[in-house]
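User: I have a model open here and would like to go through it with you. Can we start with the chain pairing?

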Amino acid sequence: MFVKFIALILFTVAIMLVNLCLGDLTVAPLEAIQTLFNNGGNSEIHDVIVGIRLPRLLTAFVVGLALATSGYLLQALSRNDLADPYLTGVSSGAAVGVACAMLLKFDFQSIPFFAFVGGITASFFVASIARGGGHGVSVAKLLLAGIALSSVAGALITLAMTTFGTQLMAQGLYLWLLGGISGRNWQELVPTVCYTAVGLIVAFAAAKQLNLLALGEETASSLGLNVGRSQLIILSAAVLLASSAVALSGMVGFVGLVAPHLSRRLFGRGVRLQLLCSGLTGAILVLFSDLLARTLSPGQELPLGTLMALIGGPFFIYLLSSSLDQVHSH
Amino acid sequence: MSYATKSNAQAVNIIEHINISLEPGQVLAIQGPNGSGKSTMMKGLARQLKPSCGTISIDGQNIWNMNIVDFARQVAYVPQSLETPNEMTVNELVRLGRNPHQNWWSNQLSKADVATVSSALDRCGLTRLGQKKLNELSGGEKQRALIAMALAQEPHFILMDEPTANLDFRYQLEVIAIIKELKEQKIGIATILHDLNLSARIADKIALVAGSQTAGSQIASSTIVAQGTPQEVLKEDLLRAVFAVELAFVHDSKSNLDLYVPISISIDSENKSASQT
């Protein structure tokens, strides 16, 4: 178990290094590391490594970590493996928030906040539908409400963009929506990471509550857990994580679905261990996808969201078909 | 106390005019036909449904004014079944029973916690099965694991929702043996049971819950139609009226037990239900 965990960390570091080295300008690993730690040397390489690739790499890392942890929390809350911020419409809600912030010309530091407001509104809407008229959460309703919300959100964004935005703004928003992390700089990264950090801290602090909620609401409450309050706090953390990822990279789907699932397969149990391993697995997924996005077709870049959908979509279909019995029985 | 349904139409009481008490070391069996509101009543005692009027109290304190953690230290609830995460082991489940005695953030068990958990496992005969996953357990073992989790709470009262449902004879008797042992340890137990014979054996008090059709109301609301010792409640005419069955009463001299055997659906009730439709 411990060995696996160390291997996971080493793998994460390795893929970060590969991301740092590969691209239009290929840099030797040793040179890349040297460039990171001293300011001297070839200034062109320095600009590429520290100015462009490092913030981008960290963005990918944070986005993966946040989306995977958010997915893990949503799955624990709904007690189903098919929940994910993208599929439940939380990301779409956050995207509406970001679009509003951009169109109203708020500065970038307030973007994560708007994303959170959009995301939490969406999550309340979806949760109230999924819980309506029954005991616990209906997975079918959860996913269907997510789809409905996502299409409405997409329409709202397009409408707002075409009505109020300039063409340049519309173009930028469109590229961001596709899930792009190119051109992320330190000024955008740092404030958003603060939101992510708060979400992660809450998630780790709520490990015990997550454990109790796994027994179902009735049993959890009979063991002395304030179920409503715990669910609200955990949901807020999940939304905070998802919306910080959306603020950084737009709509990147399926990370929150694939990463917790792989992590459950590969690593042991225990809430805190799973939070950590899911997060790192998600980071690796996004780093890998970004590497492909940058290197598959030289000279131009594929949107990150598109690549993640190519990887995650089939995986979702596989999960859906293998857990269809479960969906029916609920 | 009463429970009302929340519907758009006029509120209808599911169960009303209940007055019942439970002492430490006492076993209360709740009986009644399906749909008579036994589970609603149990959920009320377990602080999961708030009564629309009336109060439920422990030592004079209204349970809805109690902190949820304090309540969980007093009262444990054993659900009929548990949709557990399958990979969870018996040990892990029973350890969660210590929750009301721990800090909100801590997963660590103190030495005293560990001792309580292993004694709970021991009392339910699960010491050897501690490492087993919950989905590998038989129905009887799973029920005992749930009881062990409740014991780990060190409660003064345990509420059980049909602990013998879906169990075969042997497992039913095992559960009954555990209840008897808990009773000796001065734990008060309220349990829903369907089997009159099991009730007669372990209950100090039986509450018979049944519907009472009142004029002008579409849905019958239930109430406790009789409560008292098994001898007082398990009477032929009362049971026939409540369950609408003909029963045979047999005394087994070997075990010195009075046995109740349902024979046939009572003719009166068939006429009654026919005239209703």
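This is a predicted model: local features need pLDDT of at least 70, side-chain atom pairs count only at pLDDT 80 or more; totals for chains, interfaces and linings use all residues.

**Interface and a buried arginine**

User: What area is buried between chain A and chain B?
Analyst: About 2,000 Å², with carbon and sulfur atoms giving 51% of that area. Buried area is the accessible area (1.4 Å probe) that two parts lose on being put together, summed over both.

User: Which residues of chain A lose the most area to chain B?
Analyst: K208(A), L223(A) and R269(A), which together make up 32% of what the chain A side buries.

User: How many residues are in contact?
Analyst: 20 residues of chain A contact 29 residues of chain B, where contact means heavy atoms within 4.5 Å.

User: Where is confidence lowest in chain A, and where highest?
Analyst: Helix α15 (residues 324–329) of chain A is lowest at a mean pLDDT of 47, and helix α11 (residues 227–249) of chain A is highest at 93. pLDDT is the predictor's confidence in each residue, from 0 to 100; helices are DSSP runs (H or I, at least four residues), numbered from the N terminus. Chain A averages 87, and 95% of its residues score at least 70.

User: Back to the interface. How many salt bridges are there?
Analyst: Two between chain A and chain B, counting a side-chain nitrogen of Lys or Arg within 4 Å of a carboxyl oxygen of Asp or Glu. One of them joins the side chains of K43(B) and E218(A), at 3.2 Å from N to O.

User: Which elements of chain A give two or more residues to that side?
Analyst: α9 (207–213) and α10 (217–222) of chain A. α9(A) gives the most, with five residues.

User: New topic: R53(A), buried or exposed?
Analyst: R53(A) counts as buried because its relative accessible area is 7%, and buried means under 20% (1.4 Å probe, protein chains only). R53(A) lies in helix α3 (residues 43–78) of chain A.

User: What does its side chain reach?
Analyst: The R53(A) side chain reaches the backbone oxygen of C21(A) at 3.0 Å. A polar atom of that side chain also lies 2.9 Å from the backbone oxygen of L20(A).

Conventions:
Residues are numbered from 1 along each chain as its sequence is written. Chains are lettered from A and ligands numbered from 1 in the order in which they are written. Side-chain values use heavy atoms; hydrogens and water are left out. Buried means under 20% relative accessible area, exposed over 50%, partly exposed in between (1.4 Å probe, protein chains only). A polar contact is a pair of N or O atoms within 3.5 Å; within protein, one must be able to donate a hydrogen and the other to accept it, and residues adjacent in sequence count only if both atoms are side-chain atoms.
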